[in-house]
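Here is a short report on one protein chain. Keep the sequence and the 3D view open while you read.

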Amino acid sequence: MIDVLAPLPVLLPLLGAAGALLVSGHPAFQRTLSTAVLSAVLAVSVVLLLMADADGATSISVGGWPVPLGIVLVVDRLSALMLVVASTVALGVLVFAVGQGAADGSDETPLSIFHPTFLVLVAGVGNAFLAGDLFNLYVGFEILLMASYVLLTLGGTAARIRGGITYIVVSLTSSLVFLAAIGLVYAATGTVNMAQLAVRLGELPEGTQVLLQSMLLIAFGIKAAVFPLSAWLPDSYPTAPAPVTAVFAGLLTKVGVYAIIRTQTLLFPGGALDDLLLWAALATMLVGILGAVAQSDLRRMLSFTLVSHIGYMAFGIALGTAAGLAGAVFYVAHHIAIQTTLFLVAGLVERQGGTTSVDRLGGLARRSPLLAVLFFVPAMNLAGIPPLSGFIGKLGLLQAGVADGSTGALTLVAGGVVTSLLTLLAVARVWTRAFWRSPSQSPAEETPAAAAADAVQRHRPASGDGAGPSDGAASPDGPARTALQEAWRRHTAVATAAEPGLAPAAGAVRALRPLPRTMVGATAALVALTVALTGLAGPLYGLADRASTDLLERTPYISSVFGEGQVP
């Protein structure tokens, strides 16, 4: 049965992407097809997880080629768990995007482009999780990165193009480092099959092992946004449409974290660079969360917390113990769900409040209680408030650090506590400013219409008649003023739609846009998932513990590829 099911998390999205292109002229068919494909991927992933937990690691050689000549897909507890969580959040994001496309006429997520590209991205993620050799892992990365280039620049705005260029340059750099590392690994060992490398890399001189490990760690560290390789992320993610940002935040960095876990435990179990990774984890935590505290924009704040909490995962990996790896695996699953949900909530906040700047928002809790609940629950989970899953994951990691007892581990424990407190501070500031504070207390009385009016007033010549923006052709700064005039006309039209003949008052509170039910329903479902992780924390942590034991033993993985007792 594994021979049939293992390729499906990759094959189904690719076939679905082809089908979505064929029916690009029929949006309803595209939506139905994409939703059905991701639902099927989720069902298959759940079955694979149940099989892996019951029977242990299994593998399939695609095309029937003998190992290690063929492409090997390996299903163990770790890869199956990542597939389940990834397909779950991908389905939720897709439903959110369908609702947004239906409400906005697909301006933000054009159906003919978005659906096939999104399915290709999911196929790349699945391929990366199942890859049994380094080159197939590289192919998985490239598939999802090519799709992400398209998704990141949807809409073609200047900000998205700038963010996309940064993302592309950084991604290509990491891919080049990864490809060079694969070439060196093959030159040194004669194989790229990871089960075979687990044996052959240990026979190399120590200096060669450290070089190869360093190159792979740099490549995956860029993709995972581990400090100091994380500066690209806060400038790239916030510019994309809400569903795109959500799936990027939830999945793309975690694929990098997964690759670090797999290579550090399977290929380089000696821990030569564990101390370096430990201090990188501390820097990632603190630099990321200090950046988050300094932000006044919700999306940028979440982007910095994303970087910061990658440090918790790196902490567990660097410890190299069963408890540390179990905490890291649990925290990866938790963080995928939490971060995806919060970015979807940020999309709802922007849609209803007109901005994600917390200084320009206010009173959302009173005017939209449901939106307030959707933000509050995952925000407290991210901060690690008991008894939510964020607290359980952090507690497990901190206990593993204390049990280790080394100076570095105890320093990380202190850093983890400080990071958790500062995370609570960051999300509490958003809550008090955007949700709890009355609109009348906010400097945001400078509404979009008022901001446009003030900007025009500052740029208009002294000879203006005071009635509104004058013709910019007679002034040296005409192009800038022409844009301001257009902003004035646009916001005037919005403000006067309800009461024709009335100009927008400078102190008027912006009317909230209604939220489409599909978008709210998808977000609420993911919030419910984050709460369910708390209720299922016991079984999930038990699964993570069994996965960490397999990772450290390495024998189950190698035996699944070459057979019991065989030495590759």
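## Overall build

Residues 24 or more positions apart supply 79% of the chain's contacts with a separation of 6 or more. The model is a predicted one. The chain holds 23 helices and 2 strands.

Of its 568 residues, 58% count as buried. The accessible surface of the chain is about 21200 Å². Carbon and sulfur atoms account for 67% of that surface.

## Confidence

Mean pLDDT for the chain is 82. A value of 70 or more is reached by 84% of the residues.

One stretch needs care. Over residues 442-509, pLDDT stays under 50. The model still has 68 contacts beyond four places in sequence for these residues. Where pLDDT is low, predicted coordinates should not be read in detail.

## The α4–α11 pair

Look next at two helices. Helix α4 spans residues 77-104, and helix α11 spans residues 242-266. Their axes are 9 Å apart and meet at an angle of about 170°. Angles over 145 degrees count as roughly antiparallel, so α4 and α11 are roughly antiparallel to each other.

On the α4 side, the contact is made by Leu-78, Ser-79, Met-82, Ala-86, Val-89, Val-93, Phe-96, Ala-97 and Gln-100. On the α11 side, Ala-242, Pro-243, Ala-246, Val-247, Leu-251, Tyr-258, Ile-261 and Arg-262 take part. By class, the contact of α4 with α11 has 14 nonpolar, 2 polar and 1 charged residues.

## The loop between α9 and α10

Two backbone features fall in one loop. Helix α9 covers 206-224 and helix α10 covers 233-236; Pro-228 sits in the loop between them. The peptide bond joining Phe-227 and Pro-228 is cis, with omega about 5°.

Ala-225 also lies in the loop between α9 and α10. Its phi is near 65°, a positive value in a residue other than glycine. Is Ala-225 buried or exposed? Its relative accessibility is 0%, so Ala-225 counts as buried. As background, most residues other than glycine have a negative phi, and most peptide bonds are trans.

## Other backbone features

A cis peptide bond also runs from Pro-386 to Pro-387, with omega near 0°. Pro-387 is in the loop between α16 (369-383) and α17 (389-404).

Arg-554 is not a glycine, yet its phi is positive, at about 70°. Where does Arg-554 sit? Arg-554 is in the loop between α22 (537-553) and α23 (555-562).

## Two buried helix residues

Helix α22 also carries Ser-548. Ser-548 counts as buried because its relative accessibility is 0%. Which residues does Ser-548 touch, leaving out those up to four places away in sequence? They are Ala-322, Leu-325 and Ala-326.

Leu-364 belongs to helix α15, residues 364-367. With 0% relative accessibility, Leu-364 counts as buried. Leu-364 and Ser-438 are 74 residues apart along the chain. Their C-alpha atoms are separated by 8.4 Å.

Methods:
Residues numbered from 1 in each chain as written. Predicted model: local features only at pLDDT ≥ 70, side-chain atom pairs only at ≥ 80, totals over all residues. Heavy atoms only, no water. Axes fitted to C-alpha atoms, helices over the stretch in contact; angles between N-to-C directions. Helix = DSSP H or I, 4+ residues; strand = E, 2+ residues; numbered from the N terminus. Parallel < 35°, antiparallel > 145°, perpendicular 65-115°, else oblique. Contact = heavy atoms within 4.5 Å. Nonpolar A, V, L, I, M, F, W, Y, C, P; charged D, E, K, R; others polar. Buried < 20%, exposed > 50% of the residue type's maximum accessible area, 1.4 Å probe, protein only. Areas by Shrake-Rupley, 256 points an atom, 1.4 Å probe, with all protein chains shown as cover. pLDDT = per-residue confidence, 0-100.
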